[in-house]
Amino acid sequence: FSTARYNNVLVSRPNPGVALITLHRPKALNALSAAHFKDISDALVEADADDSVGAMVLTGSEKAFAAGADILEMKDKTFADAFTNNFLANWEVITKLRKPIIAAVSGYALGGGCELALMCDIILASPTAKFSQPEISIGIIPGGGGSQRLTRIVGKSRAMELCLTGRMFSAQEAEQWGVVSRVVGEGEGVVVKEAVEMAGTIASKGRVAVIACKEAINASFEMPLSDGLRYERRLFHSLFATNDQKEGMGAFAEKRKPNFTHS
Ligand code: CAA
């Protein structure tokens, strides 16, 4: 797991169980060209497959998490090309990863940048974060899930307003509406520090339970309640087959800290 493989992202291990992936295309405010996005998804896939990683943090710069898909790369694209090659369908790979991903957002998270954050499991925002789905202003609509994921979170009227006008919304609005779980304190690097700490906490839990928990919550977006409840209960039952359940409950009974083996 090393930065050497990637041109447009930096990767590091700020905590033994945490992979930090930093979008690094500063000249274009982290606009998501095809090559940039491939680096982001490859780095996340690599971290997800790494046994020593329990959670990932995805972040950008102080000025921009990501200013959207690369407009200069898209501007001459034809319908036939977009349709035939299923443009942006490859972005979905991020939603198939099994370990939790925390987006730490400072500055602009626009268009595909906002959608990238929405594909993560938790979003922490700096007070400087500015979100929007501005595609309508350049003759298109969101293509990375904005009209679907944002609508499920903020409701129809707000999603319509945001996607039809393209207006920016603040970190505070995002928190009020439940788009982000929390706005952290002010200052450079604070949001990344908080996200790494949170990822460290998640990585310290039993991995099997963490993956099952993410899967159960994601199932709630896809299933009717009765199916989702059954799905949750079956996963819950299955966790009684793990060593981590025996260790977690045994440690509680013995009034000590659990030592999870992720098994
Ligand atoms: N694509 C390509 N290049 C971009 C970019 C983008 N989305 N956003 C910024 N850049 C580039 C600019 O072209 C500029 O490059 P040069 O210095 O070579 O001219 C550089 O980044 C800095 O940008 P600005 O000079 O514009 O910086 P600013 O501080 O004045 O403005 C901004 C910042 C408000 C974010 C502005 O850059 C902007 O509006 N960007 C576009 C935002 C946008 O519309 N995003 C949606 C894209 S469509 C999409 O994402 C589709 C989808 O659903 C997946």
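**Calling things by their names in a predicted model**

Mentor: β1 and β2 form a hairpin, and 2 residues sit between them. A word on ground rules: this is a predicted model, where local features need pLDDT of at least 70 and side-chain atom pairs count only at pLDDT 80 or more, while totals for chains, interfaces and linings use all residues. Residues are numbered from 1 along each chain as its sequence is written, and side-chain values use heavy atoms, with hydrogens and water left out.

Trainee: What makes β1 and β2 a pair?

Mentor: Two strands pair if DSSP finds at least two bridges between them. Strand β1 (residues 9–15) and strand β2 (residues 18–23) have 5 bridges, in the antiparallel sense, so they pass the rule for pairing. Val9, for instance, stands opposite Leu23 in β2.

Trainee: And what counts as a strand or a helix here?

Mentor: Both are DSSP runs, numbered from the N terminus: helices are H or I with at least four residues, strands are E with at least two. On that basis the protein chain has 11 helices and 10 strands.

Trainee: Why is Asn30 called buried?

Mentor: Buried means under 20% relative accessible area, exposed over 50%, and partly exposed in between (1.4 Å probe, protein chains only). Asn30 has 2%, so it is buried. Asn30 lies in the loop between β2 and α1 (34–49), and its phi is near 60°, a positive value in a residue other than glycine.

Trainee: Which residues of α11 are buried?

Mentor: In helix α11 (residues 243–253), they are Asp244, Gln245, Glu247, Gly250 and Ala251. What covers them includes α9 (207–219). Just after α11, Lys255 takes a positive phi of about 55°.

Trainee: What share of the chain is buried?

Mentor: Buried residues make up 44% of the 263.

Methods
Contact means heavy atoms within 4.5 Å.
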